[in-house]
Structure formats: C-alpha cells, structure tokens
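Have the model open while you read.

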Amino acid sequence: MDIPKWLAELPSNASLNAPDVQRLFGLAHSTLYDRVKRGTFPPHDWEAVRPSNHQQKRQWYVATVCKHMKEME
C-alpha cells in the first residue's frame with residue numbers, strides 16, 4: 001500500500017487517532033478493532049485521555065502506521 005505524501009512528511013513520532021486511522025485505511029470502527037484483536041493490524045501505541053470527559057483515545061504513531069502499510073505491499 002502506498003504511503004500518502006502527507007503521512008510520509010509527518011514526524012515518525014506524530015500520532016494518529018482511531019478516526020484518522022479508520023479514514024486512512026477505509027475501515028469502520030468495529031473492523032479496525034477486530035483486525036487488532038486478530039493480529040492483522042498493529043495495536044495502538046498509547047492512549048490519550050481527554051480532560052473534558054476523561055475518555056481514552058487510542059493513538060498510533062505515524063511510524064507504526066507506515067510500517068504496517070509497507071508490510072501490506
């Protein structure tokens with residue numbers, strides 16, 4: 001899978017949240033987490049906590065996403 005230019009230009013330690021990853025790969029929320037559970041997509045690297053409601057937001061580093069895209073080729 002080709003890595004989009006905008007993604008390749010980001011620092012490797014920049015983060016993408018679940019909606020970003022879903023749009024990038026064209027996946028529904030449930031499909032993304034099913035693939036993580038089955039081991040066919042890398043698990044998130046860390047979780048950010050939103051101060052307003054204390055919800056955890058899963059985050060993937062750009063490096064993790066790019067590595068996965070290269071492995072898909």
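How much space lies in the largest pocket? Keep in mind that we're looking at a predicted model.

1. The pocket. About 150 Å³ of space lies in the largest pocket. To find that pocket on screen, pick out N17, A18, P19, H29, Y33, R50, Q56, K57 and R58, which line it. Two or more lining residues come from each of α2 (18-25), α3 (29-38) and β3 (56-61).

2. What the lining is made of. The biggest contributor is β3, with three residues. Sorted by class, the lining has three nonpolar, three polar and three charged residues.

3. The sheet. There's an open sheet of three strands here, in the order β1-β3-β2, with antiparallel pairing. At its edges sit β1 (15-17) and β2 (46-49), each of which pairs on one side only. On average, neighbouring strands are turned by 45 degrees against each other, if you ignore direction.

4. A closer look at β2 and β3. These two strands run antiparallel and are joined by four bridges.

5. One histidine to look at. H68 is found in helix α4 (residues 62-71). Is H68 buried or exposed? H68 counts as buried because its relative accessible area is 10%, and the cut-off is under 20%. Leaving aside residues up to four places away in sequence, H68 touches F25, T40, F41 and P42.

Key. Residues are numbered from 1 along each chain as its sequence is written. This is a predicted model: local features need pLDDT of at least 70, side-chain atom pairs count only at pLDDT 80 or more; totals for chains, interfaces and linings use all residues. Side-chain values use heavy atoms; hydrogens and water are left out. On a 1 Å grid over the protein atoms alone, a cavity is a set of points where a 1.4 Å probe fits but cannot get out, and a pocket is an open set with protein on both sides within 12 Å along at least five of seven lines; lining residues have an atom within 4 Å of a point. Grid points are joined across faces, edges and corners, and a volume is the space filled by probe spheres set on the points. Ala, Val, Leu, Ile, Met, Phe, Trp, Tyr, Cys and Pro count as nonpolar, Asp, Glu, Lys and Arg as charged, and the others, Gly among them, as polar. Buried means under 20% relative accessible area, exposed over 50%, partly exposed in between (1.4 Å probe, protein chains only). Contact means heavy atoms within 4.5 Å. Two strands pair if DSSP finds at least two bridges between them. Axes are lines fitted to C-alpha atoms, for helices over the stretch in contact, and angles run from 0 to 180 degrees between N-to-C directions.
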